[in-house]
Amino acid sequence: MSNIMNSLYNMRLLDDLARKETFIHRIHPLVKLLTTVIYLTVVVSFNRYEIIGLFPLIFYPVLVLVLAELPIGPIFRRILLVEPFIIGIGILNPLFDHQVFILGGLTISRGWVTFFSVFLKCGFTVAAALLLIATTGMDSLASALRMLKIPRLFVLQLLLTYRYISVLMEEVARTLRAYSLRAPQQKGVHRSAWGSLAGQIIIRTFERAQRIYQAMCLRGFAGEYNIGDYRKIKASDWAYLAGWVLFFAVARIYNIPVMIGSLLTGVVR
Amino acid sequence: MHMADALISPVVGGTMWAATAGVAAYSMKKIQDDMDEKKIPLMGVMGAFVFAAQMINFSIPGTGSSGHLGGGMLLAILLGPYAGFLTMASILVIQALFFADGGLLALGCNVFNLGFFTCFIAYPLIYKRIMGKGYSPKRIFGAAMLSAIIGLQLGAFGVVLETLFSGKTELPFGTFVMLMQPIHLAIGVVEGLITTAIVTFVWKARPEIIEKAALGEALGSISIKKVLAGFAIAAVIAGGVFSWFASTNPDGLEWSMFKTAGKEELEATDGIHQKLSEIQSKTAFLPDYSFKTPENEKEQSAGEGEESWPAVNSGTSISGLVGGGMTLALAAFTGMTISMIKRRKKKVIV
């Protein structure tokens, strides 16, 4: 049950953060969406043996996080929360790939290199997705989807789903609290109550859906979710996109850390 | 079963996005045909229900542990396959955005694995076949159980294929299959039991809800569905074959440009492009999409790996380490400086 309340808190926190007013928040939602997708593609396109070349891409999440004045702790915790799944699959890499190479006097198995690269990529991609929603918010993102010509029906459905998640989660939390009070010290819902418990919630959901629909009709709903006018994409938005794309491209083509490193070690020598 | 971006390659992600978008567009068209405006709010609320229901932990008899509902099959049963698929897609979008549960690039894979196999294969081919003979608790049990298990098995196999085609892990195909399928068999049984319990209860309390969804579905023509399924599978296979092709062909950049932008104009004809393709041949834009190869081919793939790992000699590797450390330090320093400046500015304003 704490699970549900946690999830609710998570959604609300990211939504609250999206209401801030900073430079990043003011960027056009479509531009932020595109930047995120390009970033994800670039991160994922790296070879599984390239770790160092991946490092400069950390600038994107760091800069967005700081410029948008987001709290580091909660975002970082969410990233860590997802990593165990990746570790679960990636941890087998060292077991299957024993080939070693020598890196500055250290002998490292290639399996560990690939594991670390998957780990790092997971951190970057998860951060990018979370930062997108924490700086944009669901409604603006939906308007961006509409600009991309994603069908009205799907966007409407997405927004309705999102809107009613918190309503229903509270209902589920109430039902579960009632259940746990009658069945103390029990892990999970007993088999005998599976159908009736979840079924009751479904039937209540259905009835609620009907009431919601009637209310929507009373207020003049005719199959359209009005999100107002689309915001225009300004020159500064294009500049933001172009700047990042340029950076991603440079980071993808050149191995910046090795270049910095050889410069430095060259100077030292 | 939600795939993360880190486990897929751009080609696999893009292919699955395309396949999923195709299925979604088809579903959308199907729903609009019998446009019952009531259905959209219902889909929204049902999506929210499944999302919330995933938080309920059901105790698994005899194990002392607990599991939760996935919901693809339940959505297909309650809303019909088309609305069910779209609802599943919107649930996954929200999970990806707010909980990073499955990545954005991997969204196509996830919607396909969790939505397509349940709504378009297990539901029409198993559930509907069995239920066609009329409703009874026993038949609901058999139908829901079997379709939930098979839907999940197919989804798990999808995960295996997508991960392998992406070439991000070292897992050999056989081992991966042996890991994924039995685990998802157990999960599928639980999913089937929960789905059965819920459907049976709802059918007893409000039979019209379940029968209506099945009736609305009956209008759909099966022939187009089959064509579509064939198309989707072909797209997936094509994606897989293309990625093999990409691994043997060094000219990855143009090819991927063509794939993503749909134009081939970036051919190495004039100076800049010549230069670009030179750079590109050094950097190999696409990761190697090789299956974990058997012994004799292992050497070859090892060779490839060392090529793309630039730091084989100790000189460059030290540069790499030093530069990497510098880069990370610089990123942290930049972040801290900006936030310090911002904070100071705020104090002045206050």
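A: The model is a predicted one. The contact between its chains takes 104 residues from chain A and 105 residues from chain B.

Q: What makes about 9600 Å² the buried area of chain A and chain B?
A: Buried area is the accessible area that two parts lose on being put together, summed over both. Chain A and chain B bury about 9600 Å² between them, so this value counts both sides. Carbon and sulfur atoms carry 76% of it.

Q: Why is the pair Glu207(A) and Arg206(B) called a salt bridge?
A: The cut-off is 4 Å from a side-chain nitrogen of Lys or Arg to a carboxyl oxygen of Asp or Glu. The N to O distance in this pair is 2.7 Å, so the pair qualifies. The pair crosses between chains, with Arg206(B) in the loop between helix H7 (173-205) and helix H8 (207-218) of chain B and Glu207(A) in helix H10 of chain A. The count between chain A and chain B is two salt bridges.

Q: Which helix gives the largest share of the side of chain A that touches chain B?
A: Helix H10 (residues 194-218) of chain A does, with 17 residues. By class, that side of chain A has 67 nonpolar, 26 polar and eleven charged residues.

Q: How do you know that Glu170(A) and Arg12(A) form a salt bridge, and what parts does the pair tie together?
A: Their side chains meet at 2.8 Å, N to O, and the limit is 4 Å. Glu170(A) lies in helix H9 (residues 152-182) of chain A and Arg12(A) in helix H1 (residues 2-17) of chain A, so the pair ties together parts that are 158 residues apart in sequence.

Q: Why is Arg12(A) called partly exposed?
A: Exposed needs over 50% and buried under 20%. Arg12(A) has 43% relative accessibility, so it falls in between. Glu170(A), at 32%, is also partly exposed.

Q: Are Arg204(A) and Glu171(A), which meet in a salt bridge, buried or partly exposed?
A: Glu171(A) has a relative accessible area of 6%, under the 20% limit, and is therefore buried. Arg204(A), at 40%, counts as partly exposed. The N to O distance of the pair is 3.0 Å. Arg204(A) is in helix H10 of chain A and Glu171(A) in helix H9 of chain A, 33 residues apart.

Q: What makes Glu171(A), Arg174(A), Arg204(A) and Arg208(A) one network?
A: Salt bridges that share partners join these four residues. Over all chains, the structure holds nine salt bridges.

Terms used:
Residues numbered from 1 in each chain as written. Chains lettered and ligands numbered in written order. Predicted model: local features only at pLDDT ≥ 70, side-chain atom pairs only at ≥ 80, totals over all residues. Heavy atoms only, no water. Contact = heavy atoms within 4.5 Å. Buried area = accessible area lost by both parts, 1.4 Å probe. Helix = DSSP H or I, 4+ residues; strand = E, 2+ residues; numbered from the N terminus. Nonpolar A, V, L, I, M, F, W, Y, C, P; charged D, E, K, R; others polar. Buried < 20%, exposed > 50% of the residue type's maximum accessible area, 1.4 Å probe, protein only.
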